[in-house]
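Welcome! Take a moment to look over the sequence and the model below, and then we can walk through some of the aromatic rings together.

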Amino acid sequence: RGGYDFNALQAKWRPVWEKLDPFKARDDGSAERRYALTMFSYPSGDLHMGHGEVFALHDVLARYWFQQGYDVMNPIGWDSFGLPAENAAIKRNEHPATYTYANIETQAESIRRYAMSFDWSRRLHTSDPEYYRWTQWLFLRFYERGLAYRKASYVNWCPNDQTVLANEQVVQGRCERCGFEVTKRELTQWYFKTTDYAQRLLDDMSLLEWPEEILLQQRNWIGRSEGAFTDFVVEGRDEPIKVFTTRPDTLFGATFMVVAPDSKLAEELVTPEQRAAFDEYLTAVNASTEIERLSTERDKTGVFLGSYAINPVNGERIPIWAADYVLADYGTGAIMAVPGQDSRDWEFAEKFGLPIVRTVQPEEGFEGKAYTGDGPAINSANDEISLNGLPIDEAKAKIIDWLQDKHLGERTINYRLRDWLLSRQRYWGAPIPIIHCPVDGEVPVPDDQLPVELPDLRGAALAPRGVSPLASAREWVEVTCPKCGGPAERDTDTMDTFVDSSWYFLRYTSPEYTEGPFDPEAARRWMPAYQYVGGKEHAVLHLLYARFFTKVLHDLGMLDAVEPFTRLLNQGQVINEGKAMSKSLGNGVNLGEQLDAFGVDAIRLTMVFAGPPDDDIDWADLSPGGSLRFLQRAWRLSGNVEAPVGSDPSTGDLALRKITHRTVADASELLDSYRFNVMVARVMELVNATRKAIDSGPGAADPAVREAVETVAILLSLVAPYTAEDMWENLGHEPTVAKAGWPKVDPALLVQDSVTCVVQIAGKVKERLEVSPDITEADLEQLALASEAVRTALDGRGIRKVIVRAPKLVNIVPA
Ligand code: ANZ
């Protein structure tokens, strides 16, 4: 037999597995089901190092559960709508589908070579009409429930991609995709009513075994605050201005009001004298980017609107300003400004010479400006109510009660979470299945006319121009109204691709189902997914949207589950030379080249062994060559075994057996807690111990050696499937090692030989005993009392009490 040749192993075993198809979910009730899900990929080129990492880690878990005998569902698909394909199509003057499906084939081939334990029969692509038909169908169910609606507002606009973005897609003021600075535009757009689910999205976090970091990000994103709405009467206007405040206790210090410049309210409140100044200011605000608006460094800007309101607790006439530090889409888009207790308001008041009144007594020695700490209320009384002397909490409760009594305000909870802006002015997505009729208004496309397929547009016709490219496909746009039969037009926007990915994990449970997006029975069997593996960049994007969809579908009666993913593992990034890989730094590492040079198993092993899975790994610090040498060493063991298949290990070398069984027991624990790298280290130790047993111990014919090498093969099958399969064959077994079964641990072999027990009399050590670590309290007491040294020390005295802490301590209290 020749040496270890990874190319030969790959060529040999891939076709065998493809024929065996061992990873197809059975879904027949023959074993407990377990749904192993990994974030599906965008087909923008071949697999990269990040895929290599996430797939390697994910497969450790999936293959572990296969070995344990679960009926594992481990599906694969592609998130195949989206901008990369569209941009490539414009450049190459072709259809986005050409690029998309070519890349999918490339990636599929790479994934097969990578030997992932996927169930290929469930494969899906979100850009297939059979898939997006159901994305559209779901949109219509949301629409019927009032959970999808259209409204005009100022929205995030990416000037580069020429499309709107959801708040979640604006990262530090920049487009999540292209990095361009985002600006604002007033547009009529489609939204999902995620805000209806804000509280449940918070509450149900208790059901999730997710990294605390992600839960915290979601909690902050949802941003619950308790406070009050308060009404301020406006001079010369019937309707009062409502504000949201978390600090109603500071109401006596509200010396002016501020409204968002880009709100309807500002438009209404501006007086003719201030009109010109306001218009100029609004133009400047809309031209500024989110980055500039949110910057705390920047000087406060604003403009007086010319109107006045009345402070409801002290009757003061207070001016109303517009300033961009107040956001149009939070709270009511208007605030009561309390410079004494709020830093932003203080700066603003200072800049524009507005009055400042403290309503909380600052601590001794406080020399700052706005005081945000606790303290007794001051300057806060009128003829009917006084808050003076009360701490913040009590003052808040008291003023809210008073406001409610007077119908001037009400207790409320506010969320930072906004509705999800889902329409996009781009081509390569699912068309929104709505028809606009001059007579009937918005009319849903009837279910039996789904999918609304994309018209055939390519090349320059897709170039971004601020309106959807679909608008130019006149034959496609012009339809008859399903209600009145008159001329009408299709909605020309497409859905955010995050809509596609909000339910793909449900389609996997029944990918061929034709009666709906998924078979409710199949979803009942598999959902929620037990494990999700993917990047943490999705904390408030995909992961939040998928949770929202799951809850809506639950409410629609289509799903028992209220949460989509029970456990979440976020893999770290693969970096190089201490930095994220990038074209401009020239530090990219090509996965394909690494696989060619070291083989699939060595690369997978390197990824898994590099460190805890959630840490970033620096490729420059790693040694795929070292991994390869280890695999050779492990593989060579399988050619050395001389004990025949099925030989009874119980007659084998005890020392090696103990190491083997301890390794398996520890491996289970390590895998359950995501410490895969330590698991690999333990396998390495077992390989070393086995080599020693063969060369200078009981020898290759000892059945304990066979047991050890078989164990190595099974444990290695989680990380290095080709090597493990070949070892398995060398050991005389049929494929596939992937389903050999998790080795049974003999608890007797986990017993450490002995531990030292200290025996004390009245607190003084009188004896040391070597005992089994598993000794019972009763046995240990007996043993201690029987000891010569203890008898001598007691010297005939009686015993009042014996305290036993097995296996390490016995304390005897003499009478
Ligand atoms: C008066 C006040 C006094 C406030 C004080 C704070 C401190 P969170 O906790 O994030 O919910 N606010 C309300 N709507 C706003 C908007 N559209 N744009 C900008 N700021 C807005 O913050 C709620 C607080 O943020 C509210 O309570 C309001 O200022 C401000 F000592 O009202 B507060």
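## Charges over rings

Arg34 lies over the face of Tyr530, 3.8 Å from the ring centre. Arg177 lies over the face of Tyr42, at 4.7 Å from the ring centre. A charge sits over a ring here if NZ of Lys or CZ of Arg is within 6 Å of the ring centre and within 35 degrees of the ring normal.

## About the model

This is a predicted model, in which local features need pLDDT of at least 70 and side-chain atom pairs count only at pLDDT 80 or more, while totals for chains, interfaces and linings use all residues. Residues are numbered from 1 along each chain as its sequence is written, and side-chain values use heavy atoms, leaving out hydrogens and water.

## The overall picture

The protein has 26 helices and 32 strands; these are DSSP runs numbered from the N terminus, with helices (H or I) of at least four residues and strands (E) of at least two. Its C-alpha trace spans about 100 × 85 × 50 Å along the principal axes.

Of the 815 residues, 56% are buried, meaning under 20% relative accessible area, with exposed being over 50% and partly exposed in between (1.4 Å probe, protein chains only). Take the contacts (heavy atoms within 4.5 Å) between residues at least 6 apart in sequence: 72% of them join residues at least 24 apart.

## Rings that meet

How many aromatic pairs does the structure hold? There are 46 of them. Rings of Phe, Tyr and Trp (its six-membered ring) pair if their centres lie within 6.5 Å; planes under 30 degrees apart count as stacked, over 60 as edge-to-face and the rest as tilted. Phe40 and Tyr504 make a stacked pair, 3.6 Å centre to centre with 10° between the planes. Phe40 lies in the loop between strand S1 (33-38) and helix H2 (49-67), and Tyr504 in helix H15 (residues 504-507), so this pair ties together parts that are 464 residues apart in sequence. Phe40 counts as buried because its relative accessibility is 11%, and Tyr504 counts as buried at 0%.

Tyr674 and Phe676 form an edge-to-face pair: 6.3 Å centre to centre, with 85° between the planes. Both Tyr674 and Phe676 are buried.

## A cluster of rings

Which residues form one aromatic cluster? Look for Phe139, Phe142, Tyr143, Trp190, Phe192, Tyr197, Trp420, Phe498, Tyr545, Phe548 and Phe549.
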